[in-house]
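Here is a short briefing on one protein model.

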Amino acid sequence: MNVILVNVDTFRRDNLSCYGGGKVKTPRLDRFAETSYVFDNFYLGSFPTVPNRLDIMSGRFSFIDHEWCPLPSDTVTVQQILTASGVVTQFIADNPHLLEMGFNYSRGFGGFEWIRGQETDVWRTAPRKVRLPTGGKKNRSLSFICPQYARNVAWWQGEEDRFAPRTIQAACRWLEENQDQEKFFLYLDLFDPHEPWDAPQSYLDLYEKGYHGQEITYPQYDFWREFLTEEELTHCHNLYLAEASMVDHWVGALLDKVDAVGLAEDTAILFVSDHGFLFGEHDLMGKSLMPERDDGSFSYEAIRMYDEIRHIPLIIHLPGQTQGRHLKAMAQAPDLMPTILEMAGLVATESVKGHAKIQALQCGMFVTEEWRFEPEMLHGKSLMPLLRGETDRLRDAAVCSNTLIHHTPILAKSAIITEDGWCLHYAGHYDRIDRGAKMYTNKLLDVDKARILTTPALYCLTDDPKESRDLLDQNEDLAREIHRRYVTRLEEIGTPEEHLAGRRTFL
């Protein structure tokens, strides 16, 4: 069968009624879910955006040995396996972080198209003078991202010029031109509803009318009460909901095109996101703490991997499927890679080899290297046995994590969620703290200035889904057992001892 994967950045699961959402208007995805498999317990693996894509493409938990980084030259990806096996592969993305600055996540695809201009994309240099949000420093990066983004979008005339519409329209054109391919894999990566939020007014009108406050389209990641009023917080959320509705509309246009060109009976469609976003939950705005200095630079502090961040949507529609079904099995992002291989008619237990043009330097020097896919290197498991009804269980716990490689609890926060509804938050125990560490370009906050707790915490999600009551003191033995299972899992997936050592001690 053909496979279409749609990965939508920062799309919370409660945007969809199939996950209990009620406020957000996403009728097309809601209708899509009614005739699809809905995964109720799907979690991210590595956090945030770029590590998530590395998980999906490699079938491995990249947090054990990588961070936010270009596609590693020795990583064998799902796209290069499919391409080498004769499948037509195409990557269409407006997510800038996968392609800018030599990140090269298009490697292995037979073709790719980059929809330019989103967020940090250094694309246009005019107009020289641009209008910035009236909210001033309530917005992030007034010195770089906001003005660059304003230049990138200054030419827009209407809705179809925006990023999600342009990406979907490119995909629809590709489907028209490639509908007669014997077999294809189409991967779409949409950055919306990630900030900056600027959906057309018609979508915002679905959620609010009469707001006359300051413009905050790209808010600071911080404790919200320190820089926003309640009205401004609600407005930010409404701006986000408007973009989620716009994404829904255009994903619906993609689904219509699949039907129109006669591909529905032989095409699997997967809809997924990478992580969520906090709108006041746990007193936070964003998905991390990134206070901005006077010179425009940022320090970075990871927040706990709360449910609103880690628990993400996954909806899978198989060819010809007419009835929907909710699946309770725990699954994670690396499971998508072997699932896609099996959907495309390949078996993830068989080796595949080939040649790849590997980027040797970010300046554009390439070398051709041999590669071999070794199935035993996968951490993910195919979801197809679940879809075929052969099993109702894949794993007994999920591990969601920032990278472990910097040896500091400021960054290395993880959440371990068990089948029976417990969640242990754990940030490691380090004898030596790497005080010079950076998360890509952002310097990590000094430990003595941390505002987020780095001590373990234990929550019972069945009774306390909002994670407001830490029960560790009353259940320390259980917490230690979950931690023991966590360390065993890290050992099983080959975590280098250099990074594992700081995870072995509980308290």
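Helices (H or I, at least four residues) and strands (E, at least two) are DSSP runs, numbered from the N terminus. This is a predicted model: local features need pLDDT of at least 70, side-chain atom pairs count only at pLDDT 80 or more, and totals for chains, interfaces and linings use all residues. Residues are numbered from 1 along each chain as its sequence is written, and side-chain values use heavy atoms, with hydrogens and water left out.

**Salt bridges**

- The structure holds 30 salt bridges. A salt bridge is a side-chain nitrogen of Lys or Arg within 4 Å of a carboxyl oxygen of Asp or Glu.
- In helix 11 (residues 476-492), Arg484 and Glu481 are three residues apart, so about one helical turn separates them. They form a salt bridge, with the closest N and O atoms 2.7 Å apart.
- Arg484 is partly exposed at 45% relative accessibility, and Glu481 is partly exposed at 32%. Buried means under 20% relative accessible area, exposed over 50%, and partly exposed in between (1.4 Å probe, protein chains only).
- Salt bridges that share partners join Asp9, Arg53, Asp189 and Asp274 into one network.
- Within it, Asp274 bridges to Arg53, with the closest N and O atoms 2.6 Å apart. This pair links distant parts of the chain: Asp274 is in the loop between strand 7 and strand 8, Arg53 is in helix 2 (residues 49-58), and 221 residues separate them.
- Asp274 is buried at 1% relative accessible area. Arg53 is buried at 0%.
- Glu232 forms a salt bridge with Lys138, the closest N and O atoms being 2.8 Å apart. Glu232 sits in helix 7 and Lys138 in the loop between strand 4 and helix 4 (145-153), 94 residues apart.
- Glu232 is buried, with a relative accessible area of 7%.

**Strand 7 and its surroundings**

- Two strands pair if DSSP finds at least two bridges between them.
- Strand 1 (residues 2-8) pairs with strand 7 in the parallel sense over seven bridges. Asn7 stands opposite Val272 in strand 7.
- Strand 11 pairs with strand 7 in the antiparallel sense over four bridges. His317 in strand 11 stands opposite Ile269.
- Seven of the seven residues of strand 7 are buried. Thr267, Ile269, Phe271 and Ser273 lie on one side, and Ala268, Leu270 and Val272 on the other.
- Helix 1 (residues 27-34) has Arg28, Leu29, Asp30, Phe32 and Ala33 buried. Their cover includes strand 2 (37-43), helix 7 (230-260), strand 7 (267-273) and strand 11 (314-317).

- Three strands form an open antiparallel sheet in the order 6-9-8. Strand 6 (222-223) and strand 8 (278-279) are the edge strands, and each pairs on one side only.
- Strand 8 and strand 9 (residues 284-286) share two bridges. Met285 in strand 9 is the bridge partner of Phe279.

**Asp94**

- Asp94 lies in the loop between strand 3 (88-93) and strand 4 (111-114).
- Asp94 is buried yet has no salt bridge; Arg166, the nearest side chain of opposite charge, is 7.8 Å away. Lys and Arg count as positive and Asp and Glu as negative; His and the chain ends are not counted.
- The Asp94 side chain reaches the backbone nitrogen of Phe191 at 2.7 Å.

**Cysteines**

- The structure holds zero disulfides (pairs of cysteine sulfur atoms within 2.5 Å).
- The sulfur of Cys146 is 12 Å from the closest cysteine sulfur, in Cys236, too far for a bond.
- Cys146 is buried at 9% relative accessibility, and Cys236 is buried at 0%.

Terms used. Polar contact = N/O pair within 3.5 Å; in protein donor to acceptor, adjacent residues only side chain to side chain. Contact = heavy atoms within 4.5 Å.
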